[in-house]
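Subject: Structure for you to look at

Dear colleague,

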Amino acid sequence: MTTASRQKRPGTGRPTVPLPPEFTTRDAGPFDPPSALTRLGEDGPVHRVTMLDGDPAWIVTSHELARTLLGDPRMSSDRFRSRRVLEKLPAPVRARMTDARARAGSFITMDPPEHTRYRKLLTGQFTVRRMRQLEPRIQRIVDDHLDAMIAAGPGADLVQAFALPVPSLVICELLGVGYGDRGEFQERTGKLLKLDVPVDEVMRLAEELRAFMQGLVRSKRAEPTDDMLSGLIQADPTLTDDELIGMANLLLVAGHETTANMLALGTFALLEHPEQLAALRAEPSSVGGAVEELLRYLSIVHLGVVRTTREEVEIAGEVVPADSTVLVSVPAGNRDPYQYPRPDVLDVTRPRGPHLAFGHGVHQCLGQQLARVEMTVGFTGLLTRLPGLRLAVPAAEVPMRDDMLVYGVHALPITWDA
């Protein structure tokens, strides 16, 4: 099965990393890295390529080298400090990326010491106690959506009926969004994360979401509850509304789109590997380990983790000038044969080991334990409550989204035994 024969939907013109299509098109199959990327990995750990905008970039394919670079302070996470990068952005996006208020709190694109301050505050909120409190709520959210699917089925689009709303409601629990506001919250975030929305519309939706978050922040300042946003306000009363809005929006995007795509794409992968699906059905307690293997095998951050060199850097013998783009390829690193035996095989019984799905270094995903809980509860529910779970269309008709930073499916039509 090749991507050329698979259904796709048009992109949005949103700014992503302008890599040539041979490094983004999943021509080897819906679950495998592009064949051009695999060939690069076979030829060495780092390679100079030319991006579609004419700029050079260096792609890192080695797992070991990826971990080293993601911990290297000479690699900046702030792409927008570069005039070269800013000048290539659409005007409305460039305006937003140079607006201090709009960027406040969005520490994923910051370097220490600014990044350190925000991360330390949020680390204090991702406590074991809060994760334990959330687990039964996550179970209830999953059960409620499975109940609704079963009542309406058999048959559903797993993306719309399950994969998108479940993490959205978990974020609502995390941020303390009131029950009466959750419909509006889900509607706005759902529109913002659609791929067929043009840049101007994305900007408008982002401003509407910002206004929603502004109201949420003000309500938590006035009447704090036992949620993460209230916890941040109490932990550092000097945080401005703009900073709190930026942190909340970052949690939303980072925690919603990635988990949603893992739930849908992971289900697709299991359905296309029936022996692995059977192994999990026979031993549901092994789903937690299977989640780690799916994270490694699928690598949904498929364009890579982007860094900009602060100074001239030598990477595995390649001299990379200052202000250059370095792409740490998560799909290539997670399929590195020097790191994993039989890396191209999905094996849900594979012993747990390090992977790059949550990054590495100071920017390693803060919410990874929450994501693991969501996926473990979600996959367990799907496998135990939907007997005979299967695709409702031929696999080649499942529409893939390989033109975006986060890989996955646009829709996943499924059915099951009534």
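What follows is a short account of what was found, taken topic by topic.

Please bear in mind from the start that this is a predicted model.

Strands and sheets

Strands of a sheet pair through backbone hydrogen bonds, and this pairing can be either parallel or antiparallel. Strand 2, made of residues 56-60, runs parallel to strand 8 and is joined to it by 4 bridges, with valine 60 standing opposite valine 328. Strand 5, made of residues 305-309, also pairs with strand 8 over 4 bridges, but in the antiparallel sense, and here threonine 308 stands opposite threonine 325.

Elsewhere you will find an open sheet of 3 strands, whose order is 4-10-9 and whose pairing is antiparallel. Strand 4 (156-157) and strand 9 (390-391) are at the edges of this sheet and have a single partner strand each, so one side of each is left without a neighbour in the sheet. Strand 9 is joined by 2 bridges to strand 10, which is formed by residues 413-415, and leucine 391 stands opposite isoleucine 414 of strand 10.

Helix 14 and its surroundings

Which residues of helix 14 are buried? In this helix, which spans residues 274-282, they are Gln276, Leu277 and Leu280. Seen down the axis of helix 14, the buried residues fall within an arc of 100°, and they therefore line one face of the helix. The face turned away from that buried side carries Pro274 and Ala282, which are exposed. As for what lies against the buried residues of helix 14, they pack against helix 13 (241-271), helix 15 (287-298) and helix 17 (368-385).

Helix 7, which holds residues 128-152, and helix 17 have axes that come within 10 Å and cross at roughly 35°, and the crossing is right-handed.

Helix 11, which holds residues 199-222, packs with helix 13 at an angle of about 115°, and their axes are 9 Å apart. This crossing of helix 11 and helix 13 is right-handed as well. Among the residues that meet here are Leu209, Met213 and Val217 in helix 11, together with Leu244, Ile245 and Ala248 in helix 13.

Cysteines

How many disulfides does the count come to? It comes to 0, where a disulfide would need a pair of cysteine sulfur atoms within 2.5 Å. The closest cysteine sulfur to that of cysteine 172 belongs to cysteine 365 and is 18 Å away, which is too far for a bond. Starting instead from cysteine 365, the closest cysteine sulfur is that of cysteine 172, again at 18 Å. Cysteine 172 is buried, with a relative accessible area of 0%, whereas cysteine 365 is partly exposed, with a relative accessible area of 30%.

Technical notes:
Residues numbered from 1 in each chain as written. Predicted model: local features only at pLDDT ≥ 70, side-chain atom pairs only at ≥ 80, totals over all residues. Heavy atoms only, no water. Buried < 20%, exposed > 50% of the residue type's maximum accessible area, 1.4 Å probe, protein only. Arc of directions from axis to C-beta. Contact = heavy atoms within 4.5 Å. Pairing = 2+ DSSP bridges. Axes fitted to C-alpha atoms, helices over the stretch in contact; angles between N-to-C directions. Left-handed = near helix turned anticlockwise from the far one by under 90°.
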